[in-house]
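Me: I would like to go through the helix packing and the sheet of this model. Please look at the structure first.

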Amino acid sequence: MLKLTRLALCFLFASQVSAQTIHDVTVAPGGDDEFSPSQITIDVGDCVRWTWADDGHNVVSGVPGAATALFSSGSPEDEGFVFEFCFDAAFVAANPVPGGVYEYICEPHQFSGMVGSVVVVDTGPTFSRGDCNDDGGLDVADPVVALAALFSGGSTTCFSACDANDDGGFDISDAVYLLSNLFSAGPAIPAPTTCGTDPTSDTLDCGLFMSCP
Ligand SMILES: [Cu+2]
């Protein structure tokens, strides 16, 4: 029995890590002209599933008076209708909005406050800053690999890890920062130093970092 429980927990954990999550929003709960919850925060790749609890509503991207065509459930639908939309990386990249806030309305009730928003956040991959060669540790090989990637045709699969000083760019200052940290008691490497997501937003990519789960 204990074994079975453990097995079930393993599956649960595995599915939480890998599968896209579906977030539920109720359309007009109790017949009220509102979405519940009216604002949700999701990860890139997650989906939102709107379920109608009453008749005569729809879900259309945009703000009152200015519907857009990013996503739409179509004409107003009745109780029991379900509309699902996934905010995958391709969609988010093609349709950037300030703060990742995708606002939407119910067209029949947009001017009486039936509005909602989906906040899409990119938690990004996990990596260890400074471990530019992705070997699971911080040593002289890291600035060497950084310099090779910068100046002699080397490569890296995780620019975020090579951005040792976390200034949002990968350049020679990172190699210098690493050398200074390793050999002359320079400043500490900013987080994450042991497998975490980047707490500061930048445009650097981390396509692959094998040393973290
Ligand atoms: Cu409505």
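Me: At roughly what angle do the axes of helix 3 and helix 5 cross?
Reply: This is a predicted model, where local features need pLDDT of at least 70, side-chain atom pairs count only at pLDDT 80 or more, and totals for chains, interfaces and linings use all residues. Residues are numbered from 1 along each chain as its sequence is written. Helices (H or I, at least four residues) and strands (E, at least two) are DSSP runs, numbered from the N terminus. With axes as lines fitted to C-alpha atoms, for helices over the stretch in contact, and angles running from 0 to 180 degrees between N-to-C directions, helix 3 (residues 141-151) and helix 5 (residues 172-183) come within 9 Å and cross at roughly 165°.

Me: Which residues of helix 5 does helix 3 meet?
Reply: Contact requires C-beta atoms, placed from the backbone, to lie within 7 Å. From helix 3, Asp 142, Pro 143, Ala 146, Leu 147 and Leu 150 take part. Their partners in helix 5 are Ile 172, Asp 174, Ala 175, Leu 178 and Leu 179.

Me: In what order do the five strands form the open sheet?
Reply: Two strands pair if DSSP finds at least two bridges between them. Strand 3 (39-43) and strand 6 (66-72) are the edge strands, each pairing on one side only. The pairing is mixed, and the order is 3-9-8-5-6.

Me: Which residue in strand 6 stands opposite Gly 62?
Reply: Strand 5 (residues 60-63) pairs with strand 6 in the antiparallel sense, over three bridges. Opposite Gly 62 stands Ala 67.

Terms used:
Two residues are in contact if their C-beta atoms, placed from the backbone, lie within 7 Å.
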